[in-house]
Amino acid sequence: MLTKNQTYRQHDNEKISFYRSSVDDLNSKDQLNADIDIDVCVIGGGLTGISSALNLSKKGYTVAICEARKVGWGASGRNGGQLGIGMRKDQYTVEKMLGINHAKELWNLGLESVDEVKSLIKENNIDCHLVNGVMSTACFEKDIDEYKFEIEHMSKNYQFEGYKYFNKSEIKHEIDSDIYQAGMLNSGSYHLNPLKLTISLANLIKKNVKIYENNRVLKLYEKNDKVEIVTKNGIIKANKVVVACNGYLDTLLGSKKNKFIPINNYIVATEPLGEKKAREIIRNNYAVCDTRFIIDYYRFSEDWRMIFGGGETFTSKFVKDSKSFVTKRMLKVFPQLKDYKIDYSWGGTLAITVNRLPHFGSIMNNKVIYAFGYSGHGLALSVLAGKLIAEHINGNSDRFKFFSDISHMSIPCGSLLRRPIYSSTIMYYKFRDYLSS
Ligand SMILES: Cc1cc2nc3c(=O)[nH]c(=O)nc-3n(C[C@H](O)[C@H](O)[C@H](O)COP(=O)(O)OP(=O)(O)OC[C@H]3O[C@@H](n4cnc5c(N)ncnc54)[C@H](O)[C@@H]3O)c2cc1C
């Protein structure tokens, strides 16, 4: 059963985000009026769910998506738009966690995830403003050595030449802020408008896939050879279920919720600055992400608004005034933006795992498959997840296993402690970030 205050309801009374203002909703006409029987039921209309449906329907399965609100209602329609290769942790750390061979497979899958999104955009002419380049900016002196190490390590061991180092004066030339010590450009990564991507992909599949919006799933259980999915508007019987709710999962998968901490993160969008002013701030229109524990990340939108994200909360409610919460952070980086109006502010919830790697798996005798916990690095990986889930359901689990074989710690004492534990960690790192600012 779901908890009383479902996480996705946090957004019910909020104002429109920049992304929502930039694209029409899907407004699916599909209505679940009677009980149905299908091959696969996908729960969640974000990128994991839509990509799963896309790949499964291509393989000939009958698929329906149940989304509690609208397609792109969750993090897929609210995120920073940074389409990054790799995992949330740097590759050397992944090697230490999993061993070199497993880490190399994940590196290749990370490259594939971005390629997959790029191909979908190209093949289907999706207008979501893909721009090349994500710059990491160093807030700490120690980051300089870490950048240099990573560039060399990736060149030597992975033949990856997509990183480039920027010293203090070079980074100031690229990004007009006084707070950075250095930078590292990742030319394998991109940025884009994520809601346009999500809704465009949903539009692509709606001929073949039933998309039931405003139809939340209340519970699911195994019955005979099938799973019965009890939804607000009817019961769906399916051979397989894909649970794609990420940070909004709540208790739908029982104790699996203890494998991640739901974090709220916030974004503001300024009024349009015009290309000239925008390029004074970020010369080459890269997306940017800094090295603090609670990161700042930002980029310019297709109409030259500063889209600035930063600041986290971990309670079950959003901050009341996310606009000033994030604007304060933005002005520390770019005081020159103080006279620009903030047109939009919004937040979203993401799922963070202890090791920051995604958690894939299955329950109910492999009838219910799930993927969550992208830890803030899920824009590309969620699209890849859908592809791997479809392969797994179709009988080839080789690549799905590279994720499902990763062991994940449960947060001790589950519901009681997961938010407090994270909150004390955050306090420590906030203090550390504060000392550096
Ligand atoms: C503010 C923010 C910034 C981010 N920035 C970046 C970034 O720049 N780059 C990056 O790589 N990643 C980023 N992320 C992470 C990324 O957005 C996510 O990892 C990714 O979108 C997860 O996609 P998903 O489809 O798994 O989940 P979501 O997109 O969250 O979709 C889950 C869906 O499940 C639905 N749902 C929940 N419960 C039910 C139910 N019971 N029945 C039916 N439907 C249900 C929800 O309504 C929601 O639509 C960010 C996340 C946030 C919140």
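How are α3 and α4 oriented to each other? Before selecting them, note that this is a predicted model, in which local features need pLDDT of at least 70 and side-chain atom pairs count only at pLDDT 80 or more, while totals for chains, interfaces and linings use all residues. Residues are numbered from 1 along each chain as its sequence is written, and side-chain values use heavy atoms, with hydrogens and water left out.

Select helix α3 (residues 91-98) and helix α4 (residues 100-123), whose axes come within 7 Å and cross at roughly 135°; α3 and α4 are therefore oblique to each other. Helices here are DSSP runs of H or I with at least four residues, numbered from the N terminus, axes are lines fitted to C-alpha atoms over the stretch in contact, with angles from 0 to 180 degrees between N-to-C directions, and oblique covers what is left after under 35 degrees (roughly parallel), over 145 (roughly antiparallel) and 65 to 115 (roughly perpendicular).

Next, select helix α2 (residues 47-58) and helix α10 (residues 379-393), where the axes come within 7 Å and cross at roughly 40°, so α2 and α10 are likewise oblique to each other.

A polar side-chain atom of threonine 48 lies 2.7 Å from an oxygen atom of the ligand, and one of serine 76 lies 2.6 Å from a ligand oxygen atom. For glycine 74, a polar backbone atom is 3.2 Å from an oxygen atom of the ligand.

Methods:
Helices (H or I, at least four residues) and strands (E, at least two) are DSSP runs, numbered from the N terminus. A polar contact is a pair of N or O atoms within 3.5 Å; within protein, one must be able to donate a hydrogen and the other to accept it, and residues adjacent in sequence count only if both atoms are side-chain atoms.
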